Amino acid sequence: MLTFSTDALRPQDRFEHWCDVRGRSLFGVTIELERDKRPDFRGHFSATPVGDAVLAEMSASSYRVSRTSSDITRVPSNSLQLAWQVRGPGRLNIGRDRVQFVRNGDLVFGHSNRPYFSTPERTDGFHFFSLKIPVTSELVLGARIEDAPPVALARDARLTRLVGAMFRAMTRDPAQAGQFADEVTHMVRLALLARGRLRPRQDEIRAALHAGYLHAAREILLRDLHRAALMPAAVATELGISLRQLHALFEPTGLSFARTLTATRLREARRLLYGMQERGIDEIAFACGFASIATFYRVFRATYGMTPGDARRIPPPERDDVSSNRHPALAL
């Protein structure tokens with residue numbers, strides 16, 4: 001993983017360095033900021049490969065950014081870009097008086113060689129993730145994409161939720177993002193479907209939908225794990241699929257819905273046990289959706305080989321394999 005921060009630079013050098021190295025050279029964009037605001041500029045950047053794609057995370061002071069025709073000529077890029085605007089709303093002008101408001105949480109998708117001009121709505125900085133994906137005919141299933149400007153995907157649409165669930169899963173631990181190469185392919189195809197560039201009745205699209213729904217289901221489990229009575233029917237209803245379809249999502253993983261939910265609760269409990277020492281073990285167990293303290297202790301020990309009290313002294317691993325099939329304790 002490549003990381004960079006302007007904190008190591010002199011205040012008078014930070015903005016110019018960011019413009020030259022991060023803006024012009026790396027992303028092929030033009031960055032603008034009033035001169036009197038430049039000494040206070042701050043920026044943090046990281047990038048990690050995900051298969052042939054690159055996932056970048058950026059947080060910085062507010063500024064205007066554009067990709068002009070000159071930028072495109074200077075740094076051409078036959079790639080697609082999927083961006084998640086975590087924080088920092090703004091207005092995105094894609095030419096011909098087409099201006100859209102990009103809100104916190106929006107996903108923006110389009111070809112990298114299309115011009116745009118973005119103006120921040122606020123002055124308290126921004127945070128976003130960007131996934132840059134080289135274009136191949138196989139990836140886009142022969143779709144024409146060179147003329148696709150960057151636009152925000154419909155916020156409340158089903159396909160946007162599926163793309164977002166996969167993207168958010170990838171960004172929860174950028175150090176592990178390299179494992180999501182297949183999801184990158186699925187995200188691109190679902191985004192192209194959302195943009196009307198692909199037909200829905202293709203085997204590749206069905207595989208992408210399956211992956212998207214699985215990640216969306218897992219996201220609901222993570223969000224609602226505190227609910228002891230969380231049932232598959234509630235998840236299926238929220239996703240707009242049948243109960244049978246929901247259970248079919250988990251079959252290829254080797255873990256049922258119930259075992260996946262237990263694994264999710266155990267991971268969260270272990271994280272809280274170490275990170276929130278002031279909270280009691282029983283309190284954490286109930287907060288993670290375990291209705292029985294006895295069951296929590298039994299399953300935790302059978303899974304991790306230690307008691308919850310022991311886990312308070314040991315940092316959880318960067319990658320927790322609790323959801324693997326080698327844990328019979330999850331068969332509840």
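Predicted model: local features only at pLDDT ≥ 70, side-chain atom pairs only at ≥ 80, totals over all residues.
Colleague: What makes β2 and β5 a pair?

Modeller: Strands are DSSP runs of E with at least two residues, helices are runs of H or I with at least four, and both are numbered from the N terminus. Two strands pair if DSSP finds at least two bridges between them. β2 and β5 (residues 64-67) have three bridges, in the antiparallel sense. Threonine 30 stands opposite serine 66 in β5.

Colleague: In which order do the strands of the five-stranded sheet stand?

Modeller: The order is β2-β5-β10-β7-β8, in an open sheet with antiparallel pairing. β2 (30-32) and β8 (99-102) each have a single partner strand, so they are the edges, and one side of each lacks a neighbour in the sheet.

Colleague: How do you know that helix α1 packs on this sheet?

Modeller: Contact means heavy atoms within 4.5 Å, and α1 (residues 11-27) touches β2 and β5. Its direction makes about 155° with that of β2. Axes are lines fitted to C-alpha atoms, for helices over the stretch in contact, and angles run from 0 to 180 degrees between N-to-C directions.

Colleague: What is the order in the seven-stranded sheet, and which strands are its edges?

Modeller: That open sheet runs β1-β3-β4-β11-β6-β9-β12, again with antiparallel pairing. β1 (2-5) and β12 (151-152) each have a single partner strand, so these two stand at the edges. Within the sheet, eight bridges join β6 (residues 79-87) to β11 (residues 126-134), and serine 79 stands opposite proline 134.

Colleague: Which strands does helix α4 lie across?

Modeller: α4 (residues 181-194) lies across β3, β4, β6, β9 (107-111) and β11, at about 95° to β11.

Colleague: Why is the length of α4 said to agree with expectation?

Modeller: The expected span is 1.5 Å times one less than the number of residues. For the 14 residues of α4 that gives 20 Å, and the end C-alpha atoms are 20 Å apart, so the two agree.

Colleague: Why is α8 called largely enclosed?

Modeller: Buried means under 20% relative accessible area, exposed over 50%, and partly exposed in between (1.4 Å probe, protein chains only). In α8, 14 of the 19 residues are buried, so the rest of the structure largely encloses this helix. α4 is mostly covered, with 10 of its 14 residues buried, including Glu183, His186 and Arg189.

Colleague: What makes arginine 96 and aspartate 97 worth a remark?

Modeller: Most residues other than glycine have a negative phi. Arginine 96 has a positive phi of about 55°, and aspartate 97 one of about 60°. Arginine 96 is in the loop between β7 (90-93) and β8, and aspartate 97 lies in that loop between β7 and β8 too. With a relative accessible area of 78%, arginine 96 is exposed; aspartate 97, at 77%, counts as exposed as well.

Colleague: Why is the pair of tyrosine 63 and phenylalanine 126 called edge-to-face?

Modeller: Rings of Phe, Tyr and Trp (its six-membered ring) pair if their centres lie within 6.5 Å; planes under 30 degrees apart count as stacked, over 60 as edge-to-face and the rest as tilted. Here the centres are 5.3 Å apart and the planes at 90°, so the pair is edge-to-face. Tyrosine 63 is buried at 10%, and phenylalanine 126 is buried at 11%.

Colleague: How do you know that a charge sits over the ring of phenylalanine 4?

Modeller: The rule asks for NZ of Lys or CZ of Arg within 6 Å of the ring centre and within 35 degrees of the ring normal. The charged end of arginine 22 sits over that ring, 4.2 Å from its centre. Arginine 270 sits likewise over the ring of tyrosine 304, with its charged end 4.7 Å from the centre.

Note on methods:
Residues numbered from 1 in each chain as written. Heavy atoms only, no water.
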